[in-house]
Amino acid sequence: MSGGIHPGRVTADTDGEVVIFLIGMRIHHFWAVHRWLPVFLAMPRMLKELGRDRSAGLLHHRLVGAPPRSYEVVQYWESKEKLLAYAVAPERRHRPAWARFNRRARQGEGHVGIWHETYVVPAGSYETIYGDMTAYGLGAAYGVRSLRDGVQAPERLGA
């Protein structure tokens, strides 16, 4: 997808179900770098792996956060099936990273917290509008198309 500005009003070029996965971490104890740094470094490795294999299903991601304690990745997936398949695949980076984190968590270290939320949003239950904007969010994941003149939010949401 081009990094240029899309003039006027556009919308994400998707009509079907969308899968949005949010994942993040919070550093509880800064001094325990040896405890939270491996967690911090695991995500870029997974994103790099997913970027090399587009068939895995990750369409786009964006890093956000509230440094210095909290970091988050917003991910847009092709399907929930591909997201779940990646999560459990023994040959992929996620499963061993998750196992390591769980081993440490059971030891009661508590130096870093992690969280995730998965949203499977049916067609007709989301809306996107971008005005004079570069591709962003679902628009970056799926591409964009022009909005039809005169169509209002209720119609775009299938109401």
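Colleague: At 30% relative accessibility, how does Phe40 count?

Modeller: Bear in mind it's a predicted model: local features need pLDDT of at least 70 and side-chain atom pairs count only at pLDDT 80 or more, while totals for chains, interfaces and linings use all residues. Residues are numbered from 1 along each chain as its sequence is written, and side-chain values use heavy atoms, with hydrogens and water left out. Buried means under 20% relative accessible area and exposed over 50%, with partly exposed for whatever falls in between (1.4 Å probe, protein chains only). With its 30%, Phe40 is therefore partly exposed.

Colleague: And what is the relative accessible area of Trp36?

Modeller: Trp36 sits four residues from Phe40 in helix H1, so about one helical turn separates them. Helices (H or I, at least four residues) and strands (E, at least two) are DSSP runs here, numbered from the N terminus. Trp36 is buried, its relative accessible area being 13%.

Colleague: How is the pair of rings of Trp36 and Phe40 arranged?

Modeller: Rings of Phe, Tyr and Trp (its six-membered ring) pair if their centres lie within 6.5 Å; planes under 30 degrees apart count as stacked, over 60 as edge-to-face and the rest as tilted. By that rule there are three aromatic pairs. For Trp36 and Phe40 the centres are 6.4 Å apart and the planes stand at 85°, so the arrangement is edge-to-face.

Colleague: Which residue forms one aromatic cluster with Trp36 and Phe40?

Modeller: A pair of aromatic rings is described by the distance of the centres and the angle of the planes. The cluster takes in Trp36 and Phe40, and its other member is Tyr71.

Colleague: Trp77 also forms an aromatic pair, so to speak with whom, and at what angle between the planes?

Modeller: The partner is Tyr86, and both Trp77 and Tyr86 are buried. Their rings lie 6.1 Å centre to centre, and the pair is tilted, the angle between the planes being 40°.

Colleague: Which residues touch the most other members of the largest nonpolar core?

Modeller: In soluble globular proteins, nonpolar side chains tend to be buried together. A nonpolar core here is a set of buried Ala, Val, Leu, Ile, Met, Phe, Trp, Tyr and Cys residues joined through side-chain atoms within 4.5 Å. Of the 15 residues in the largest one, the two that touch the most other members are Leu50 and Trp77.

Colleague: Which element gives the most to this core?

Modeller: Two or more residues come from each of S2, H1, S4 and helix H2 (80–88). With five residues, the element that gives the most is H1.

Colleague: In what order do the four strands of the open sheet run?

Modeller: Strands pair if DSSP finds at least two bridges between them. The pairing is antiparallel, and the edge strands, S3 (58–66) and S5 (112–121), each pair on one side only. The order is S3-S4-S2-S5.

Colleague: At about what angle to S4 does helix H1 run?

Modeller: Axes are lines fitted to C-alpha atoms, for helices over the stretch in contact (heavy atoms within 4.5 Å), and angles run from 0 to 180 degrees between N-to-C directions. H1 (residues 33–52) lies across S2, S3, S4 and S5, and its angle to S4 is about 20°.

Colleague: In S4, what is the bridge partner of Gly24?

Modeller: S2 (residues 18–27) and S4 (residues 70–77) pair in the antiparallel sense over eight bridges. S3 and S4 also pair over eight bridges, antiparallel too, with Arg62 opposite Val74. Back on Gly24, its partner in S4 is Glu72.

Colleague: How far apart are the closest N and O atoms of Arg145 and Asp13?

Modeller: A salt bridge is a side-chain nitrogen of Lys or Arg within 4 Å of a carboxyl oxygen of Asp or Glu, and the count comes to five. Arg145 in strand S7 (residues 144–146) and Asp13 in the loop between strand S1 (5–12) and S2 are 132 residues apart in the chain. Their closest N and O atoms are separated by 2.8 Å.

Colleague: Which residues do salt bridges that share partners join into one network?

Modeller: Asp15 and Arg145 meet in a salt bridge as well, at 2.9 Å from N to O. Asp15 counts as exposed at 57% relative accessibility, while Arg145 is partly exposed at 31% and Asp13 partly exposed at 39%. Elsewhere, Lys82 forms a salt bridge with Glu78 at 3.1 Å. The network joins Asp13, Asp15 and Arg145.
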